[in-house]
Amino acid sequence: EGELEAEWLQDVGLSTLISGAEEEDGQALLSTLTRTQAAAVQKRYNTYTQTLRKKNKHTVRDVRDIFGTSDSSPTFETVPVSPVSPNGIQLPGQKPVWKSVSSKSCLDCGIDKGSPSIIEELSYDVSFSESVTVLPKTQEWPKNQRFKKEDSALPKFIVRKSRFGLTEAGDLSPEDMKKIRYLSLIELTAFYDALGVELKRNRVERVRGRENGLFGVPLTVLLENDQKKVPGVKVPLIFQKLLLKLEETGLETEGILRVPGSASRVKNLHQELEAKFYEDTFDWDQVRNNDAAGLLKMFIRELPSPLFTVEYLPAFITLVEKISKIKLQLQALHLLIMLMPEANRDTAKAFLQFLKKVVANEGKNKMNLWNVSMIVAPNLFIYKGKRANQQEMQAAATTAHIVRLLIRYQDILWTVPSFLISQVRKMNEAAMNNSKRQLMFDKGVRKLLRRKTMERERPERPEGAVTFPPYLQSDIPEGVIRVYAPLHSKVSMAIQLNSQTKAKDILARFHCENSRGSSQNMRGQIQSLHEIGGNIGQHCLDPDAFMLDVYRANPHAEWVIKPKAS
(Lines give C-alpha, C1' and ligand atoms only; values in the text may rest on other atoms or scores of the structure.)
Protein backbone atom coordinates (compact mmCIF):
# COMPACT_ATOMS: atom_id res chain seq x y z
CA GLU A 1 0.00 0.00 0.00
CA GLY A 2 2.87 2.35 0.78
CA GLU A 3 4.33 1.73 -2.68
CA LEU A 4 0.99 2.59 -4.30
CA GLU A 5 0.78 5.82 -2.34
CA ALA A 6 4.38 6.68 -3.27
CA GLU A 7 3.49 6.19 -6.95
CA TRP A 8 0.43 8.39 -6.47
CA LEU A 9 2.50 11.18 -4.87
CA GLN A 10 4.95 11.03 -7.78
CA ASP A 11 2.14 11.02 -10.36
CA VAL A 12 0.60 14.21 -8.89
CA GLY A 13 3.94 16.03 -8.99
CA LEU A 14 4.68 15.74 -5.25
CA SER A 15 7.83 13.62 -5.32
CA THR A 16 9.28 16.30 -3.02
CA LEU A 17 7.34 14.67 -0.15
CA ILE A 18 9.18 11.41 -0.82
CA SER A 19 12.66 12.69 -1.65
CA GLY A 20 12.73 15.46 0.96
CA ALA A 21 14.12 17.91 -1.59
CA GLU A 22 12.58 21.37 -1.58
CA GLU A 23 11.37 21.40 -5.18
CA GLU A 24 9.75 24.63 -6.31
CA ASP A 25 6.99 22.97 -8.33
CA GLY A 26 5.96 20.74 -5.42
CA GLN A 27 5.79 23.60 -2.95
CA ALA A 28 3.90 25.78 -5.46
CA LEU A 29 1.41 22.97 -6.11
CA LEU A 30 0.74 22.45 -2.39
CA SER A 31 0.06 26.15 -1.92
CA THR A 32 -2.88 26.03 -4.38
CA LEU A 33 -4.83 23.08 -2.93
CA THR A 34 -8.38 23.38 -1.63
CA ARG A 35 -9.38 21.84 1.70
CA THR A 36 -10.60 18.55 0.23
CA GLN A 37 -7.65 18.27 -2.15
CA ALA A 38 -5.20 18.84 0.73
CA ALA A 39 -6.99 16.20 2.79
CA ALA A 40 -6.58 13.70 -0.05
CA VAL A 41 -2.84 14.42 -0.28
CA GLN A 42 -2.44 14.25 3.48
CA LYS A 43 -4.23 10.89 3.65
CA ARG A 44 -1.93 9.34 1.03
CA TYR A 45 1.20 10.84 2.57
CA ASN A 46 0.29 9.56 6.03
CA THR A 47 -0.26 6.04 4.66
CA TYR A 48 3.11 6.22 2.90
CA THR A 49 4.99 7.36 6.02
CA GLN A 50 3.27 4.80 8.28
CA THR A 51 4.28 2.01 5.89
CA LEU A 52 7.88 3.24 5.86
CA ARG A 53 8.00 3.33 9.65
CA LYS A 54 6.78 -0.27 9.85
CA LYS A 55 9.15 -1.42 7.13
CA ASN A 56 12.32 0.45 8.07
CA LYS A 57 11.73 1.20 11.75
CA HIS A 58 13.33 4.63 11.53
CA THR A 59 12.15 8.20 11.68
CA VAL A 60 10.29 9.54 8.67
CA ARG A 61 9.53 13.22 8.15
CA ASP A 62 6.19 14.25 9.56
CA VAL A 63 3.83 16.47 7.59
CA ARG A 64 4.24 19.09 10.35
CA ASP A 65 7.97 19.23 9.62
CA ILE A 66 7.25 20.02 5.97
CA PHE A 67 4.66 22.72 6.52
CA GLY A 68 5.75 24.07 9.89
CA THR A 69 2.41 23.46 11.65
CA SER A 70 2.29 23.19 15.42
CA ASP A 71 -1.07 21.45 15.88
CA SER A 72 -1.27 17.93 17.27
CA SER A 73 -2.57 16.67 13.91
CA PRO A 74 -0.70 17.44 10.68
CA THR A 75 -2.46 19.74 8.25
CA PHE A 76 -1.76 21.16 4.81
CA GLU A 77 -2.02 24.84 4.00
CA THR A 78 -4.99 25.30 1.70
CA VAL A 79 -6.62 28.04 -0.29
CA PRO A 80 -10.14 29.22 0.58
CA VAL A 81 -12.87 26.91 -0.69
CA SER A 82 -15.28 29.51 -1.98
CA PRO A 83 -15.69 29.57 -5.77
CA VAL A 84 -12.84 31.06 -7.77
CA SER A 85 -12.72 32.67 -11.16
CA PRO A 86 -9.99 31.74 -13.65
CA ASN A 87 -7.95 34.74 -12.58
CA GLY A 88 -7.64 33.40 -9.04
CA ILE A 89 -9.86 36.10 -7.51
CA GLN A 90 -12.14 34.68 -4.83
CA LEU A 91 -15.81 35.06 -5.62
CA PRO A 92 -18.40 35.75 -2.91
CA GLY A 93 -19.29 32.62 -0.92
CA GLN A 94 -21.79 30.65 -2.95
CA LYS A 95 -22.72 27.07 -3.68
CA PRO A 96 -22.14 25.49 -7.11
CA VAL A 97 -25.05 26.14 -9.42
CA TRP A 98 -27.33 23.40 -10.77
CA LYS A 99 -30.49 25.03 -12.06
CA SER A 100 -32.90 25.14 -14.94
CA VAL A 101 -32.08 27.66 -17.67
CA SER A 102 -33.19 28.59 -21.13
CA SER A 103 -30.31 30.56 -22.68
CA LYS A 104 -28.04 30.23 -25.69
CA SER A 105 -24.97 31.99 -24.28
CA CYS A 106 -23.38 28.73 -23.23
CA LEU A 107 -21.93 25.37 -24.24
CA ASP A 108 -24.90 23.12 -25.01
CA CYS A 109 -24.67 19.32 -24.71
CA GLY A 110 -27.73 17.27 -25.59
CA ILE A 111 -29.36 15.79 -28.66
CA ASP A 112 -32.61 17.58 -29.40
CA LYS A 113 -34.56 14.47 -30.37
CA GLY A 114 -36.32 13.18 -27.26
CA SER A 115 -34.31 15.44 -24.97
CA PRO A 116 -35.81 16.22 -21.56
CA SER A 117 -37.53 19.58 -21.10
CA ILE A 118 -35.44 20.47 -18.01
CA ILE A 119 -31.94 21.75 -18.72
CA GLU A 120 -29.32 21.76 -15.96
CA GLU A 121 -26.56 24.33 -15.88
CA LEU A 122 -23.12 23.27 -14.70
CA SER A 123 -20.85 25.72 -12.92
CA TYR A 124 -17.12 24.95 -12.90
CA ASP A 125 -16.04 27.87 -10.73
CA VAL A 126 -15.76 25.64 -7.64
CA SER A 127 -13.96 22.30 -7.42
CA PHE A 128 -16.06 19.16 -7.77
CA SER A 129 -14.85 17.68 -4.48
CA GLU A 130 -15.90 20.78 -2.54
CA SER A 131 -19.40 20.70 -4.06
CA VAL A 132 -19.85 17.02 -3.14
CA THR A 133 -19.64 17.80 0.58
CA VAL A 134 -23.24 19.05 0.55
CA LEU A 135 -24.55 15.58 -0.39
CA PRO A 136 -25.83 13.24 2.35
CA LYS A 137 -23.09 10.91 3.51
CA THR A 138 -25.51 8.03 4.04
CA GLN A 139 -26.43 7.77 0.36
CA GLU A 140 -26.26 4.19 -0.92
CA TRP A 141 -25.49 3.31 -4.50
CA PRO A 142 -27.48 0.57 -6.22
CA LYS A 143 -25.34 -2.55 -6.76
CA ASN A 144 -26.97 -3.70 -9.99
CA GLN A 145 -27.95 -0.69 -12.01
CA ARG A 146 -30.15 -1.17 -15.07
CA PHE A 147 -29.52 1.49 -17.65
CA LYS A 148 -32.35 3.17 -19.47
CA LYS A 149 -31.36 2.89 -23.12
CA GLU A 150 -33.52 5.73 -24.42
CA ASP A 151 -31.68 8.92 -25.35
CA SER A 152 -34.17 10.92 -23.30
CA ALA A 153 -32.94 9.14 -20.15
CA LEU A 154 -29.86 11.39 -20.21
CA PRO A 155 -30.34 14.95 -18.92
CA LYS A 156 -29.29 17.97 -20.93
CA PHE A 157 -26.42 19.95 -19.42
CA ILE A 158 -24.96 23.30 -20.37
CA VAL A 159 -21.89 25.18 -19.15
CA ARG A 160 -22.56 28.90 -19.24
CA LYS A 161 -19.58 30.92 -20.38
CA SER A 162 -17.97 33.10 -17.74
CA ARG A 163 -16.41 36.43 -18.67
CA PHE A 164 -13.18 34.50 -19.30
CA GLY A 165 -14.82 32.31 -21.92
CA LEU A 166 -14.20 28.57 -22.21
CA THR A 167 -10.83 26.85 -22.56
CA GLU A 168 -10.25 23.55 -24.35
CA ALA A 169 -7.41 21.20 -23.48
CA GLY A 170 -5.48 22.13 -26.64
CA ASP A 171 -5.68 25.86 -25.80
CA LEU A 172 -3.06 25.62 -23.02
CA SER A 173 0.70 25.08 -23.28
CA PRO A 174 2.10 21.55 -22.67
CA GLU A 175 3.72 22.79 -19.44
CA ASP A 176 0.40 24.06 -18.06
CA MET A 177 -1.44 20.92 -19.22
CA LYS A 178 1.07 18.88 -17.23
CA LYS A 179 0.03 20.87 -14.15
CA ILE A 180 -3.64 20.35 -15.09
CA ARG A 181 -2.97 16.58 -15.02
CA TYR A 182 -1.35 16.82 -11.56
CA LEU A 183 -4.29 18.79 -10.21
CA SER A 184 -6.85 16.56 -11.95
CA LEU A 185 -5.52 13.42 -10.27
CA ILE A 186 -5.52 15.13 -6.87
CA GLU A 187 -9.05 16.45 -7.51
CA LEU A 188 -10.31 13.05 -8.77
CA THR A 189 -8.92 11.37 -5.64
CA ALA A 190 -10.51 14.01 -3.39
CA PHE A 191 -13.79 13.69 -5.35
CA TYR A 192 -13.91 9.91 -4.86
CA ASP A 193 -12.97 10.33 -1.18
CA ALA A 194 -15.86 12.77 -0.70
CA LEU A 195 -18.24 10.23 -2.28
CA GLY A 196 -16.89 7.42 -0.13
CA VAL A 197 -15.62 5.58 -3.22
CA GLU A 198 -12.19 3.97 -3.50
CA LEU A 199 -10.12 5.16 -6.46
CA LYS A 200 -8.33 2.14 -7.88
CA ARG A 201 -5.64 2.26 -10.54
CA ASN A 202 -3.97 -0.52 -12.47
CA ARG A 203 -0.21 -0.67 -12.49
CA VAL A 204 1.15 0.34 -15.86
CA GLU A 205 3.32 -2.29 -17.52
CA ARG A 206 5.57 -1.28 -20.36
CA VAL A 207 4.17 -2.75 -23.54
CA ARG A 208 6.46 -2.85 -26.54
CA GLY A 209 4.69 -2.28 -29.82
CA ARG A 210 5.96 -2.01 -33.36
CA GLU A 211 8.24 0.91 -34.18
CA ASN A 212 6.95 1.39 -37.72
CA GLY A 213 3.87 0.63 -39.75
CA LEU A 214 0.24 1.58 -39.06
CA PHE A 215 -1.51 -1.04 -36.93
CA GLY A 216 -0.26 -2.17 -33.52
CA VAL A 217 2.05 0.85 -33.20
CA PRO A 218 1.95 3.02 -30.00
CA LEU A 219 0.20 6.33 -30.62
CA THR A 220 3.26 8.38 -29.64
CA VAL A 221 5.52 6.45 -32.06
CA LEU A 222 2.93 6.70 -34.83
CA LEU A 223 2.63 10.47 -34.34
CA GLU A 224 6.41 10.92 -34.34
CA ASN A 225 6.54 9.16 -37.72
CA ASP A 226 3.56 11.14 -39.07
CA GLN A 227 4.99 14.48 -37.95
CA LYS A 228 7.98 13.93 -40.23
CA LYS A 229 5.50 14.06 -43.10
CA VAL A 230 2.97 16.56 -41.65
CA PRO A 231 4.55 18.76 -38.94
CA GLY A 232 2.33 19.43 -35.95
CA VAL A 233 -0.20 16.67 -36.67
CA LYS A 234 -1.98 15.54 -33.47
CA VAL A 235 -4.08 12.59 -34.68
CA PRO A 236 -2.49 9.68 -36.62
CA LEU A 237 -2.85 10.17 -40.38
CA ILE A 238 -4.23 6.67 -41.01
CA PHE A 239 -6.87 7.20 -38.33
CA GLN A 240 -7.83 10.57 -39.85
CA LYS A 241 -8.11 9.00 -43.31
CA LEU A 242 -10.36 6.15 -42.08
CA LEU A 243 -12.64 8.65 -40.33
CA LEU A 244 -12.73 10.87 -43.43
CA LYS A 245 -13.60 7.92 -45.67
CA LEU A 246 -16.53 6.96 -43.42
CA GLU A 247 -17.74 10.56 -43.03
CA GLU A 248 -17.77 11.07 -46.80
CA THR A 249 -19.53 7.85 -47.79
CA GLY A 250 -20.57 5.79 -44.77
CA LEU A 251 -22.63 7.89 -42.36
CA GLU A 252 -25.91 6.87 -44.00
CA THR A 253 -24.99 3.18 -44.46
CA GLU A 254 -27.49 1.03 -42.55
CA GLY A 255 -25.84 -0.77 -39.63
CA ILE A 256 -22.52 1.07 -40.02
CA LEU A 257 -20.08 -0.08 -37.26
CA ARG A 258 -22.49 -2.93 -36.36
CA VAL A 259 -22.58 -4.91 -39.63
CA PRO A 260 -19.12 -6.48 -40.16
CA GLY A 261 -17.22 -6.28 -43.40
CA SER A 262 -15.67 -9.24 -45.17
CA ALA A 263 -12.91 -10.72 -42.97
CA SER A 264 -10.79 -11.68 -46.01
CA ARG A 265 -11.21 -8.24 -47.62
CA VAL A 266 -10.34 -6.46 -44.37
CA LYS A 267 -7.22 -8.62 -43.99
CA ASN A 268 -6.09 -7.84 -47.55
CA LEU A 269 -6.83 -4.12 -47.13
CA HIS A 270 -4.85 -4.14 -43.89
CA GLN A 271 -1.79 -5.59 -45.64
CA GLU A 272 -2.14 -3.24 -48.61
CA LEU A 273 -2.41 -0.19 -46.33
CA GLU A 274 0.76 -1.16 -44.49
CA ALA A 275 2.61 -1.30 -47.81
CA LYS A 276 1.12 1.66 -49.71
CA PHE A 277 -0.32 4.23 -47.27
CA TYR A 278 2.77 6.41 -46.81
CA GLU A 279 3.55 6.19 -50.54
CA ASP A 280 0.12 7.70 -51.33
CA THR A 281 -0.59 4.87 -53.78
CA PHE A 282 -3.45 3.22 -51.87
CA ASP A 283 -6.79 3.27 -53.74
CA TRP A 284 -9.44 4.37 -51.24
CA ASP A 285 -12.25 4.07 -53.80
CA GLN A 286 -12.03 0.27 -53.57
CA VAL A 287 -12.81 0.29 -49.81
CA ARG A 288 -16.41 -0.52 -48.91
CA ASN A 289 -17.95 1.30 -45.97
CA ASN A 290 -18.33 -1.73 -43.69
CA ASP A 291 -14.74 -2.76 -44.46
CA ALA A 292 -13.54 0.76 -43.56
CA ALA A 293 -15.46 0.50 -40.26
CA GLY A 294 -13.78 -2.86 -39.64
CA LEU A 295 -10.34 -1.32 -40.25
CA LEU A 296 -11.20 1.56 -37.90
CA LYS A 297 -12.15 -0.80 -35.08
CA MET A 298 -9.08 -2.93 -35.81
CA PHE A 299 -6.80 0.10 -35.48
CA ILE A 300 -8.23 0.97 -32.05
CA ARG A 301 -8.29 -2.65 -30.85
CA GLU A 302 -4.67 -3.36 -31.86
CA LEU A 303 -3.16 -0.35 -30.08
CA PRO A 304 -0.53 -1.73 -27.64
CA SER A 305 -2.20 0.31 -24.88
CA PRO A 306 -5.99 0.97 -24.91
CA LEU A 307 -7.11 4.41 -26.02
CA PHE A 308 -8.57 5.14 -22.56
CA THR A 309 -5.52 3.64 -20.80
CA VAL A 310 -5.19 0.48 -18.70
CA GLU A 311 -4.17 2.54 -15.66
CA TYR A 312 -7.56 4.22 -15.16
CA LEU A 313 -9.84 1.41 -16.38
CA PRO A 314 -10.98 0.64 -12.77
CA ALA A 315 -11.76 4.34 -12.23
CA PHE A 316 -13.94 4.45 -15.36
CA ILE A 317 -15.84 1.35 -14.23
CA THR A 318 -16.22 2.65 -10.65
CA LEU A 319 -17.75 5.95 -11.74
CA VAL A 320 -20.73 4.02 -13.12
CA GLU A 321 -21.00 1.15 -10.63
CA LYS A 322 -20.57 3.27 -7.48
CA ILE A 323 -21.96 6.68 -8.50
CA SER A 324 -25.64 6.83 -9.41
CA LYS A 325 -26.22 10.49 -10.38
CA ILE A 326 -25.43 11.37 -13.97
CA LYS A 327 -24.03 14.80 -13.09
CA LEU A 328 -21.55 13.25 -10.64
CA GLN A 329 -20.58 10.60 -13.20
CA LEU A 330 -20.00 13.42 -15.67
CA GLN A 331 -17.73 15.26 -13.24
CA ALA A 332 -15.63 12.13 -12.60
CA LEU A 333 -15.46 11.46 -16.35
CA HIS A 334 -14.39 15.07 -16.93
CA LEU A 335 -11.38 14.67 -14.63
CA LEU A 336 -10.44 11.32 -16.21
CA ILE A 337 -10.39 12.98 -19.64
CA MET A 338 -8.08 15.69 -18.25
CA LEU A 339 -5.75 12.90 -17.04
CA MET A 340 -5.37 11.26 -20.44
CA PRO A 341 -2.04 11.58 -22.30
CA GLU A 342 -2.23 14.21 -25.04
CA ALA A 343 -2.00 11.72 -27.94
CA ASN A 344 -4.78 9.57 -26.48
CA ARG A 345 -7.00 12.55 -25.72
CA ASP A 346 -6.65 14.08 -29.20
CA THR A 347 -7.30 10.75 -30.94
CA ALA A 348 -10.28 9.99 -28.70
CA LYS A 349 -11.72 13.43 -29.42
CA ALA A 350 -11.54 12.87 -33.19
CA PHE A 351 -13.19 9.46 -32.79
CA LEU A 352 -16.02 10.74 -30.59
CA GLN A 353 -16.74 13.60 -33.00
CA PHE A 354 -17.18 10.97 -35.72
CA LEU A 355 -19.47 8.85 -33.51
CA LYS A 356 -21.62 11.90 -32.84
CA LYS A 357 -22.11 12.26 -36.60
CA VAL A 358 -23.07 8.59 -36.87
CA VAL A 359 -25.76 9.05 -34.19
CA ALA A 360 -26.99 12.24 -35.90
CA ASN A 361 -27.77 10.11 -39.00
CA GLU A 362 -29.79 7.55 -37.02
CA GLY A 363 -32.81 8.01 -39.31
CA LYS A 364 -30.91 6.44 -42.22
CA ASN A 365 -28.25 4.21 -40.65
CA LYS A 366 -30.52 2.82 -37.87
CA MET A 367 -27.74 3.33 -35.29
CA ASN A 368 -28.92 5.19 -32.18
CA LEU A 369 -26.75 6.36 -29.30
CA TRP A 370 -27.06 3.13 -27.30
CA ASN A 371 -26.39 0.90 -30.33
CA VAL A 372 -23.25 2.79 -31.25
CA SER A 373 -22.06 2.74 -27.62
CA MET A 374 -22.58 -1.03 -27.25
CA ILE A 375 -20.67 -1.75 -30.48
CA VAL A 376 -17.75 0.58 -29.79
CA ALA A 377 -17.21 0.04 -26.02
CA PRO A 378 -15.36 -3.34 -26.23
CA ASN A 379 -12.79 -1.74 -28.55
CA LEU A 380 -12.13 1.17 -26.17
CA PHE A 381 -12.14 -0.56 -22.78
CA ILE A 382 -10.02 -3.67 -23.23
CA TYR A 383 -9.31 -6.14 -20.42
CA LYS A 384 -6.06 -8.15 -20.25
CA GLY A 385 -5.35 -11.51 -18.65
CA LYS A 386 -6.93 -14.96 -18.38
CA ARG A 387 -10.39 -13.70 -17.40
CA ALA A 388 -10.46 -10.91 -20.01
CA ASN A 389 -13.46 -12.24 -21.98
CA GLN A 390 -15.50 -12.87 -18.85
CA GLN A 391 -14.68 -9.41 -17.45
CA GLU A 392 -15.61 -7.73 -20.74
CA MET A 393 -18.98 -9.51 -20.79
CA GLN A 394 -19.72 -8.51 -17.19
CA ALA A 395 -18.78 -4.87 -17.85
CA ALA A 396 -20.47 -4.62 -21.27
CA ALA A 397 -23.43 -2.48 -20.16
CA THR A 398 -21.21 -0.39 -17.86
CA THR A 399 -18.67 0.48 -20.55
CA ALA A 400 -21.48 1.15 -23.07
CA HIS A 401 -22.96 3.68 -20.63
CA ILE A 402 -19.54 5.35 -20.32
CA VAL A 403 -19.24 5.59 -24.13
CA ARG A 404 -22.68 7.17 -24.49
CA LEU A 405 -21.75 9.75 -21.85
CA LEU A 406 -18.56 10.44 -23.83
CA ILE A 407 -20.50 10.88 -27.08
CA ARG A 408 -23.36 12.93 -25.66
CA TYR A 409 -21.34 15.28 -23.46
CA GLN A 410 -18.05 15.47 -25.41
CA ASP A 411 -18.21 19.26 -25.85
CA ILE A 412 -18.23 19.65 -22.06
CA LEU A 413 -15.63 16.95 -21.35
CA TRP A 414 -12.92 18.57 -23.50
CA THR A 415 -13.34 21.92 -21.75
CA VAL A 416 -10.84 22.56 -18.94
CA PRO A 417 -12.74 23.41 -15.71
CA SER A 418 -12.09 27.03 -14.75
CA PHE A 419 -11.17 26.16 -11.15
CA LEU A 420 -8.23 24.08 -12.46
CA ILE A 421 -7.03 27.00 -14.62
CA SER A 422 -7.26 29.23 -11.55
CA GLN A 423 -5.08 26.79 -9.61
CA VAL A 424 -2.52 26.65 -12.44
CA ARG A 425 -2.30 30.47 -12.39
CA LYS A 426 -1.72 30.43 -8.63
CA MET A 427 0.83 27.64 -9.00
CA ASN A 428 2.78 29.64 -11.60
CA GLU A 429 2.63 32.78 -9.43
CA ALA A 430 3.87 30.85 -6.38
CA ALA A 431 6.74 29.35 -8.40
CA MET A 432 7.71 32.82 -9.69
CA ASN A 433 7.64 34.28 -6.18
CA ASN A 434 9.81 31.44 -4.87
CA SER A 435 12.30 32.05 -7.68
CA LYS A 436 12.43 35.77 -6.89
CA ARG A 437 13.06 35.09 -3.20
CA GLN A 438 15.82 32.62 -4.04
CA LEU A 439 17.40 35.13 -6.41
CA MET A 440 17.39 37.87 -3.80
CA PHE A 441 19.34 35.69 -1.37
CA ASP A 442 22.12 35.00 -3.83
CA LYS A 443 25.23 36.85 -2.64
CA GLY A 444 26.46 37.70 -6.09
CA VAL A 445 23.11 39.22 -7.03
CA ARG A 446 22.98 41.25 -3.83
CA LYS A 447 26.45 42.62 -4.51
CA LEU A 448 25.49 43.52 -8.08
CA LEU A 449 22.30 45.26 -6.92
CA ARG A 450 24.28 47.23 -4.37
CA ARG A 451 26.71 48.44 -7.02
CA LYS A 452 23.89 49.33 -9.44
CA THR A 453 22.11 51.26 -6.70
CA MET A 454 25.23 53.33 -6.01
CA GLU A 455 25.58 54.08 -9.73
CA ARG A 456 22.00 55.30 -9.92
CA GLU A 457 22.60 57.62 -6.96
CA ARG A 458 25.39 59.38 -8.94
CA PRO A 459 23.97 59.76 -12.46
CA GLU A 460 26.15 61.38 -15.10
CA ARG A 461 24.32 63.22 -17.86
CA PRO A 462 26.23 62.83 -21.13
CA GLU A 463 26.74 65.93 -23.24
CA GLY A 464 23.97 66.36 -25.79
CA ALA A 465 21.63 63.85 -24.06
CA VAL A 466 17.96 64.10 -24.99
CA THR A 467 15.23 64.17 -22.32
CA PHE A 468 12.02 62.42 -23.39
CA PRO A 469 8.65 63.76 -22.28
CA PRO A 470 7.01 61.87 -19.35
CA TYR A 471 4.33 60.21 -21.50
CA LEU A 472 7.07 58.45 -23.53
CA GLN A 473 9.04 57.43 -20.45
CA SER A 474 6.11 55.79 -18.65
CA ASP A 475 4.84 52.25 -19.18
CA ILE A 476 1.64 51.40 -21.03
CA PRO A 477 -1.29 52.97 -19.14
CA GLU A 478 -3.75 50.93 -17.11
CA GLY A 479 -6.33 49.17 -19.29
CA VAL A 480 -4.29 49.49 -22.48
CA ILE A 481 -2.67 46.44 -24.05
CA ARG A 482 -0.26 46.17 -26.95
CA VAL A 483 -1.24 43.34 -29.26
CA TYR A 484 1.35 41.80 -31.58
CA ALA A 485 0.47 40.14 -34.89
CA PRO A 486 3.72 38.98 -36.52
CA LEU A 487 1.95 37.53 -39.60
CA HIS A 488 0.03 40.73 -40.37
CA SER A 489 1.32 43.69 -42.33
CA LYS A 490 0.65 45.86 -39.27
CA VAL A 491 2.50 43.90 -36.63
CA SER A 492 1.38 45.67 -33.44
CA MET A 493 -1.36 47.91 -32.11
CA ALA A 494 -2.13 49.52 -28.74
CA ILE A 495 -5.76 48.93 -27.77
CA GLN A 496 -7.73 50.61 -24.99
CA LEU A 497 -9.90 48.04 -23.24
CA ASN A 498 -13.33 48.64 -21.75
CA SER A 499 -15.71 46.34 -19.90
CA GLN A 500 -17.28 45.11 -23.16
CA THR A 501 -14.16 44.51 -25.29
CA LYS A 502 -13.96 40.87 -26.36
CA ALA A 503 -11.09 38.93 -27.93
CA LYS A 504 -13.05 38.70 -31.19
CA ASP A 505 -13.32 42.51 -31.30
CA ILE A 506 -9.53 42.81 -31.27
CA LEU A 507 -9.25 40.15 -33.99
CA ALA A 508 -11.82 42.00 -36.11
CA ARG A 509 -9.92 45.28 -35.72
CA PHE A 510 -6.66 43.70 -36.90
CA HIS A 511 -8.46 42.00 -39.77
CA CYS A 512 -9.94 45.32 -40.87
CA GLU A 513 -6.58 47.13 -40.65
CA ASN A 514 -4.73 44.35 -42.51
CA SER A 515 -7.35 43.07 -44.95
CA ARG A 516 -5.28 44.11 -47.95
CA GLY A 517 -1.76 43.58 -46.77
CA SER A 518 -1.91 40.14 -45.11
CA SER A 519 0.18 37.33 -46.52
CA GLN A 520 -1.42 34.62 -48.66
CA ASN A 521 -0.30 31.90 -46.21
CA MET A 522 -2.20 33.53 -43.36
CA ARG A 523 -5.54 34.04 -45.10
CA GLY A 524 -6.59 30.39 -44.98
CA GLN A 525 -5.75 30.03 -41.28
CA ILE A 526 -7.95 30.64 -38.25
CA GLN A 527 -6.37 33.44 -36.24
CA SER A 528 -6.73 33.56 -32.45
CA LEU A 529 -5.63 35.90 -29.70
CA HIS A 530 -3.14 34.30 -27.31
CA GLU A 531 -2.27 35.23 -23.72
CA ILE A 532 1.44 34.45 -23.23
CA GLY A 533 3.55 34.68 -20.07
CA GLY A 534 2.82 36.20 -16.68
CA ASN A 535 0.94 33.59 -14.64
CA ILE A 536 0.19 31.31 -17.61
CA GLY A 537 2.44 29.58 -20.13
CA GLN A 538 0.33 30.11 -23.22
CA HIS A 539 -3.45 30.38 -23.48
CA CYS A 540 -5.48 30.54 -26.69
CA LEU A 541 -8.40 32.78 -25.72
CA ASP A 542 -12.07 32.14 -26.41
CA PRO A 543 -13.31 34.75 -28.93
CA ASP A 544 -16.03 35.64 -26.37
CA ALA A 545 -13.55 36.29 -23.52
CA PHE A 546 -13.89 39.79 -22.05
CA MET A 547 -10.39 41.19 -22.36
CA LEU A 548 -10.43 43.60 -19.43
CA ASP A 549 -11.15 40.68 -17.07
CA VAL A 550 -8.37 38.58 -18.61
CA TYR A 551 -5.98 41.53 -18.48
CA ARG A 552 -6.69 42.09 -14.79
CA ALA A 553 -6.15 38.39 -14.13
CA ASN A 554 -2.75 38.50 -15.83
CA PRO A 555 -1.48 42.09 -16.21
CA HIS A 556 2.08 40.97 -17.09
CA ALA A 557 1.08 38.84 -20.07
CA GLU A 558 1.89 39.52 -23.70
CA TRP A 559 -0.89 39.43 -26.29
CA VAL A 560 -0.18 37.81 -29.65
CA ILE A 561 -2.41 37.03 -32.64
CA LYS A 562 -1.39 33.84 -34.43
CA PRO A 563 -2.98 30.70 -35.92
CA LYS A 564 -4.71 28.36 -33.51
CA ALA A 565 -3.23 24.87 -33.25
CA SER A 566 -5.65 22.26 -34.58
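Tyr-192 is buried in this predicted model, with a relative accessible area of 0%. Phe-191 is likewise buried, and its relative accessible area is given as 0%. Both values count as buried because they fall under the cut-off of 20% relative accessible area. Phe-191 and Tyr-192 also belong to one aromatic cluster, which is formed together with Tyr-124, Phe-128 and Phe-419.

**Aromatic pairs**

A pair of aromatic rings is described by the distance of the centres and the angle of the planes. The count for this structure comes to 14 aromatic pairs, and two of them are set out in the table below.

| Pair | Centre to centre | Angle between planes | Class |
|---|---|---|---|
| Phe-157 and Tyr-409 | 5.4 Å | 55° | tilted |
| Phe-191 and Tyr-192 | 6.4 Å | 55° | tilted |

The pair of Phe-157 and Tyr-409 links distant parts of the chain, since the two residues are 252 residues apart. Phe-157 is found in strand E3, which covers residues 156-160, while Tyr-409 lies in the loop between helix H18 (396-408) and helix H19 (410-413). Phe-157 and Tyr-409 are both buried.

**Arginines over ring faces**

Arg-44 lies over the face of Trp-8, at 5.8 Å from the ring centre, and Arg-163 is placed over the face of Phe-546, at 3.9 Å from the ring centre.

Conventions: Residues are numbered from 1 along each chain as its sequence is written. This is a predicted model: local features need pLDDT of at least 70, side-chain atom pairs count only at pLDDT 80 or more; totals for chains, interfaces and linings use all residues. Side-chain values use heavy atoms; hydrogens and water are left out. Rings of Phe, Tyr and Trp (its six-membered ring) pair if their centres lie within 6.5 Å; planes under 30 degrees apart count as stacked, over 60 as edge-to-face and the rest as tilted. Helices (H or I, at least four residues) and strands (E, at least two) are DSSP runs, numbered from the N terminus. Buried means under 20% relative accessible area, exposed over 50%, partly exposed in between (1.4 Å probe, protein chains only). A charge sits over a ring if NZ of Lys or CZ of Arg is within 6 Å of the ring centre and within 35 degrees of the ring normal.
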